[in-house]
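Thanks for coming, everyone. I'll keep this quick. Have the structure up while I talk.

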Amino acid sequence: MVSFMIMYGEILIWFIPVIAALLSPIVARASRKITHVISITSMGISMIIAFSMLLDLVRGKITYYPSGTVIGIIPFSRTMTWIPLRDLIGVDIEFGVLFDPLSIFMANVVAFVSFWIFIFSIGYMDKEPDIGRYWFLMNLFVSSMLLLVLSSNLLQMFITWEMVGLCSWALISFWYKSKAPSPDPRFRTEGEYNAHCGLKALLTTSFADAFFLVAIAIVGYVTALAMGEPTFDFIKLSENLSWVNELVRLGILPIFSIMLLSGPLGKSAQFPYQEWLPEAMAGPTTVSALIHAATMVKAGAYFVGRFYVVIYEGVHLYHQALPAGIETFFLVAAYIGAFTAFLAGTQGMVAKELKKILAYSTISQLGYIFAAFGIAGLLMYQEAFLAGSLHILSHAVFKALLFLCAGAILHTVHTKYVYEMGGLKKYMPVTFYTMLIGALSLSGIPPFAGFFSKDAIIHATLHSTEIQVIFILLVITAVITVFYSFRMIGLVFYGEESEHIKKLKAEHGLHDAPLVMKIPLIVLATVTIIAGFLFEPIQEILESGTISYHNLFDAISEYVYHSFVSPLLPLTLAIITIGFLPAYYVFIARKADPAKIIEGNIILRGIYKFLVNRWYFNAMYYKIIDCVKGFSNQIKKIQTGIANVNVLYMVLALLITLVLLIFM
């Protein structure tokens with residue numbers, strides 16, 4: 001019997017990076033090169049295992065190599081008791097791996113993109129003295145994300161969810177020791193600023209996760225009512241949707257939906273949790289690439305897609321009635337996604353830091369994915385789910401490419417501000433052309449991958465007249481995306497060289513990235529070009545777990561043909577034209593001064609100030625935090641630390657509680 005996945009591959013895929021993580025700080029003391037080799041090898045093995053899972057997926061079953069043992073027919077989960085708590089809470093905590101099209105698809109996206117980011121890191125972090133800590137955190141980060149997307153149950157997924165958040169905090173704060181001047185006047189050193197940025201990410205996502213955890217606990221409670229015992233297993237939740245009816249009976253489905261969505265919104269930096277991600281650019285650019293393309297922010301989008309699969313399979317695979325009211329979760333996801341896409345897109349139009357332009361772009365593009373998954377669940381529309389899944393793939397590739405290109409630029413010019421660049425095209429040709437390919441894909445320009453997936457999402461919004469607002473927001477955001485993408489290209493690569501660039505050129509010259517950094521750029525650019533043409537078989541894998549090999553070429557040809565003759569093509573061309581022309585005129589051809597245009601119009605001045613200040617959400621959140629800190633400082637005054645006083649407080653609290661119980 002033909003088999004592909006190596007024995008215990010479902011464990012090795014995430015466990016090998018854990019071993020690499022543990023070895024890195026130790027080996028780094030002896031040899032940086034060996035540390036690089038260990039990390040690259042571990043991620044390469046994980047990528048091969050993920051691909052072997054994909055090969056088994058299209059055969060419909062997972063088979064161990066070389067024994068040929070069939071361990072399950074897809075979809076299935078392989079579980080074991082992890083923490084025996086049945087006598088205490090009525091359920092054992094299980095550890096398991098879920099084998100289904102979505103989990104295997106995501107594992108391949110994570111492993112493939114992470115591998116090329118790891119390769120790029122060899123050159124980018126070449127002079128980093130703390131390389132052992134870097135590789136420890138990077139390996140653990142990817143391992144956590146791989147286990148997250150393969151988790152068979154909510155509790156295990158939540159643990160890995162928090163591990164991903166912890167790693168992102170440590171990596172965003174990676175340069176906390178830096179003594180350079182802070183870019184923010186509130187901090188003395190860049191290290192203090194970096195530490196603050198990491199803490200901001202951790203606190204924001206943890207706040208969102210608190211509600212998520214409550215929702216998971218509610219799942220345990222209602223499944224116990226509906227099924228006789230608590231369960232968190234995704235397949236079991238799908239097999240019996242009566243637990244959703246219990247939420248309806250208890251009257252808590254709307255609040256449950258919002259709590260369950262809170263965690264994904266926080267992880268993916270969607271409104272109202274969007275403000276942590278721009279500051280997450282404080283870490284190394286390779287970290288930014290990993291967070292935006294392969295880990296952290298993709299986790300939230302993945303969970304919304306996973307929840308859709310739970311409900312969809314319950315209805316279509318296990319032939320149950322669609323639970324009334326479940327559309328609340330997806331309705332909120334769709335509208336928040338569309339609004340966030342627009343919100344972040346407008347901020348990307350005025351951002352001055354190269355990586356922050358890309359950060360706002362990530363928030364915006366994730367909004368498209370949330371909108372797609374939301375529409376899928378709202379209408380039980382499989383095409384919208386496929387569109388969102390494909391955009392996860394296309395965004396992962398072109399966003400990794402764009403961030404690594406940004407890393408190559410920062411590695412050469414030593415500034416993060418786009419207005420201190422200019423004219424780099426002739427000095428960094430490989431970086432220019434690969435970044436241009438990434439920008440073309442981000443803009444949704446055919447035939448790049450972003451065109452196919454973004455158009456599919458916009459097309460899904462036309463499925464119902466009830467979601468026209470989402471359609472309008474996504475179309476406007478698409479125009480904005482084209483504008484800020486070419487604004488970025490123009491400011492970095494075209495126009496006159498800035499004084500900073502002239503100074504660098506005079507001191508030691510300008511050069512393109514070294515070969516070890518160019519190779520990932522070229523590979524990712526190539527995938528960005530060809531991926532869209534492979535979306536038809538990928539869709540088939542996601543939908544049914546198989547590929548029709550005998551008609552594969554015809555199916556691909558038909559898919560590409562229909563994409564190019566779609567009724568939406570005129571709209572797509574209009575979006576590209578409206579977004580590109582002003583960006584070209586002002587930032588590439590340099591025929592107008594944007595500063596003069598803004599200063600000469602009071603309305604534009606007001607809009608610009610509003611956007612630069614991030615719609616004032618960031619300032620408002622800091623005001624709220626200051627109020628909380630002020631209240632906390634007052635409360636601290638009554639906390640004396642004296643035992644007798646603390647006992648007195650306890651007695652008073654008990655008396656007040658008794659009075660309330662007696663008289664209310």
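This is a predicted model: local features need pLDDT of at least 70, side-chain atom pairs count only at pLDDT 80 or more; totals for chains, interfaces and linings use all residues.

Helices first. Two packed helices are described by the angle between their axes and the distance between the axes. Take H6, residues 154-172, and H7, residues 190-227. They pack at an angle of about 170°, and their axes are 8 Å apart. Over 145 degrees counts as roughly antiparallel, so H6 is roughly antiparallel to H7.

Who makes that contact? On the H6 side, the residues include Leu154, Phe158, Trp161, Trp169 and Ile172. On the H7 side, they include Cys197, Leu202, Phe212, Ile216 and Val219. By class, the H6 contact with H7 has 15 nonpolar, 3 polar and 2 charged residues. Glu162 in H6 and Asp209 in H7 are among the residues that meet there.

Now stay with these helices and look at the loop between them. Ser173 lies there, between H6 and H7. Is Ser173 buried or exposed? Its relative accessibility is 7%. The cut-off for buried is under 20%, so Ser173 counts as buried. What does Ser173 touch, leaving out residues up to four places away in sequence? Asn194, Ala195, Gly198 and Leu199.

Next pair: H5, residues 131-150, and H13, residues 297-316. Here the angle is about 5° and the axes are 11 Å apart. That makes H5 roughly parallel to H13. Met145, Leu148 and Val149 come from H5. Lys298, Ala299 and Tyr302 come from H13. The class count for H5 with H13 is 5 nonpolar, no polar and 1 charged.

On to the rings. A pair of aromatic rings is described by the distance of the centres and the angle of the planes. How many aromatic pairs are there? The count is 49. One of them is Phe329 with Phe330. Their centres are 5.1 Å apart, with 85° between the planes. Over 60 degrees counts as edge-to-face, so this pair is edge-to-face. Phe329 is buried, at 1% relative accessible area. Phe330 is buried too, at 0%.

Last topic: charges over rings. The charged end of Arg306 sits over the ring of Phe234, 5.7 Å from its centre. Arg487 lies over the face of Phe587, also at 5.7 Å from the ring centre.

That's my tour. Questions welcome.

Methods. Residues are numbered from 1 along each chain as its sequence is written. Side-chain values use heavy atoms; hydrogens and water are left out. Axes are lines fitted to C-alpha atoms, for helices over the stretch in contact, and angles run from 0 to 180 degrees between N-to-C directions. Helices (H or I, at least four residues) and strands (E, at least two) are DSSP runs, numbered from the N terminus. Angles under 35 degrees count as roughly parallel, over 145 as roughly antiparallel, 65 to 115 as roughly perpendicular and the rest as oblique. Contact means heavy atoms within 4.5 Å. Ala, Val, Leu, Ile, Met, Phe, Trp, Tyr, Cys and Pro count as nonpolar, Asp, Glu, Lys and Arg as charged, and the others, Gly among them, as polar. Rings of Phe, Tyr and Trp (its six-membered ring) pair if their centres lie within 6.5 Å; planes under 30 degrees apart count as stacked, over 60 as edge-to-face and the rest as tilted. Buried means under 20% relative accessible area, exposed over 50%, partly exposed in between (1.4 Å probe, protein chains only). A charge sits over a ring if NZ of Lys or CZ of Arg is within 6 Å of the ring centre and within 35 degrees of the ring normal.
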